[in-house]
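Trainee: Please take me through one part of this model in detail. I would like a close look at a helix pair and the rings around it.

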Amino acid sequence: MDSLLREELPTIVSNGAFGKNLKYLSFDLDKDHVGQDQYMSTVLFGTVTTSDESQHRVVIKLKLRDEKLRVMFKIDFQFHNEIIMYEKIIPFLFECYRSMTGVGDCPTLARFFYGRNICGEFVEKDLIMLENVIPLGFRLSEDRLFIDYNHLVIALQALAKFHGLSYTAKHKDRGHLRKIVTDIRETQFDVNGQWSFKNKALSRCSKRGVDQLLERSGDLYRDNDHLRRFNELVRDGENSLRRALVPREPFSVVCHGDFNRNNVLFQYDEAGLPVDVLLFDFGTPRYGSPALDLSFFLYMNTVQNLRESRWDDLLNAYCLTLREFVPPGIRVPNRAELDSEMSKCALYGFAHASFFLPYQLRETDLEEEMDDEETLEWLLQLGGDIGSDLVADMVQHIVDMKYTNV
């Protein structure tokens, strides 16, 4: 922290992060938001004052100091991805859209001030600095896990606009889009092609839900062809996930990659209703089907009865916004085509939600000395019967929707 204040911020300011010909005056740490380790990083909130007496409310993201965790979560790759998203990919997407529409109705994002990802011996100086949007009225939803229909719809509308930028960019300059997305680094699989979660994690997390589903509704599902197919897919989990992640045209887009309640901020009106959504945390983007983002968001943030009653309404809201946002004449998926994408890619959303959703119910934290097998066993116990029911609900929905065409 002392090094950051003494050395890094003056250099960052003088290099033009907040405007030309400015110098650093001070940094005041926000005492109400003291830096602490998050899931993937350490975050500081504060105010940078520059020589023109302007004050800039910022969020500074630093890498975890624990090398084992940095390697496990591919933090260096995540910093790389987030920086190129803000410095190259998002500006290109915005430029293409505005050049064709003449308007600035783009998705709401925090202003990016600075990013550095040197790694190696300089890893402790790597950082990402963004605008602190809390003073603008943006905040997380009060619901910790599942969000209500109004929040779901406005989040899906924001996601549709974000995806719509890619369709516009492909129409405008397909070659350049293809070029810049190749710089996104893989965070799901290691150099040997293995999924980050080892020891047949997908199969074992899925079995938790399948067993629970058969226990409560065995007569309905025991001989179901799509449950049989689902079990085949998760037994060959890594290959199934790789197939789901392969970009297929014409509908592939730049995906957020971790689109869920934890990575969106809502702005509210006086009645307490959400009126705007801000996307953040672009550490795990990828180029692929829009259903990758949709399936993860919907499985992570909806309860089963809402999925059963409003699934069509939610996907229709996404499709309608996408069609209205993208300039006329540009191809976007209609509802039937989106359903086809979901059937091929919903396994991706389930795969992550199957362990991350019970993880959100944890009462204890992961111990640093746990190996891969101990970590998986710990995950499989999280949430108890409630966690098992949540996984079973997702399995049931995938089977009922016949989302097994991976």
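**Helices α4 and α9, and their rings**

Mentor: Start with a charge over a ring: the charged end of Arg310 lies 3.7 Å from the centre of the Tyr149 ring, and sits over it. Keep in mind that this is a predicted model. Tyr149 in α4 and Arg310 in α9 both belong to the contact of these helices. Helix α4 covers residues 149-181, and helix α9 covers residues 304-325. Their axes come within 8 Å and cross at roughly 35 degrees. The crossing is right-handed.

Now the residues that meet. From α4 they include Leu152, Val153, Leu156 and Leu159. From α9 they include Leu306, Leu314, Leu322 and Phe325. By class, the contact has 14 nonpolar, four polar and three charged residues.

The structure holds 15 aromatic pairs. In one of them, Phe325 is stacked with Tyr97, at 4.2 Å centre to centre and 5 degrees between the planes. Tyr97 belongs to helix α3 (residues 75-101), and Phe325 to α9; the two are 228 residues apart.

Another pair is tilted: Phe197 and Phe355, with 4.2 Å between centres and 45 degrees between planes. Phe197 lies in the loop between α4 and α5, and Phe355 in helix α10, so this pair ties together parts 158 residues apart in sequence. Phe197 is partly exposed, at 27% relative accessibility. Phe355 is buried, at 9%.

Notes: Residues are numbered from 1 along each chain as its sequence is written. This is a predicted model: local features need pLDDT of at least 70, side-chain atom pairs count only at pLDDT 80 or more; totals for chains, interfaces and linings use all residues. Side-chain values use heavy atoms; hydrogens and water are left out. Axes are lines fitted to C-alpha atoms, for helices over the stretch in contact, and angles run from 0 to 180 degrees between N-to-C directions. Helices (H or I, at least four residues) and strands (E, at least two) are DSSP runs, numbered from the N terminus. A crossing is left-handed if the near helix is turned anticlockwise from the far one by less than a right angle, and right-handed if clockwise. Contact means heavy atoms within 4.5 Å. Ala, Val, Leu, Ile, Met, Phe, Trp, Tyr, Cys and Pro count as nonpolar, Asp, Glu, Lys and Arg as charged, and the others, Gly among them, as polar. Rings of Phe, Tyr and Trp (its six-membered ring) pair if their centres lie within 6.5 Å; planes under 30 degrees apart count as stacked, over 60 as edge-to-face and the rest as tilted. Buried means under 20% relative accessible area, exposed over 50%, partly exposed in between (1.4 Å probe, protein chains only). A charge sits over a ring if NZ of Lys or CZ of Arg is within 6 Å of the ring centre and within 35 degrees of the ring normal.
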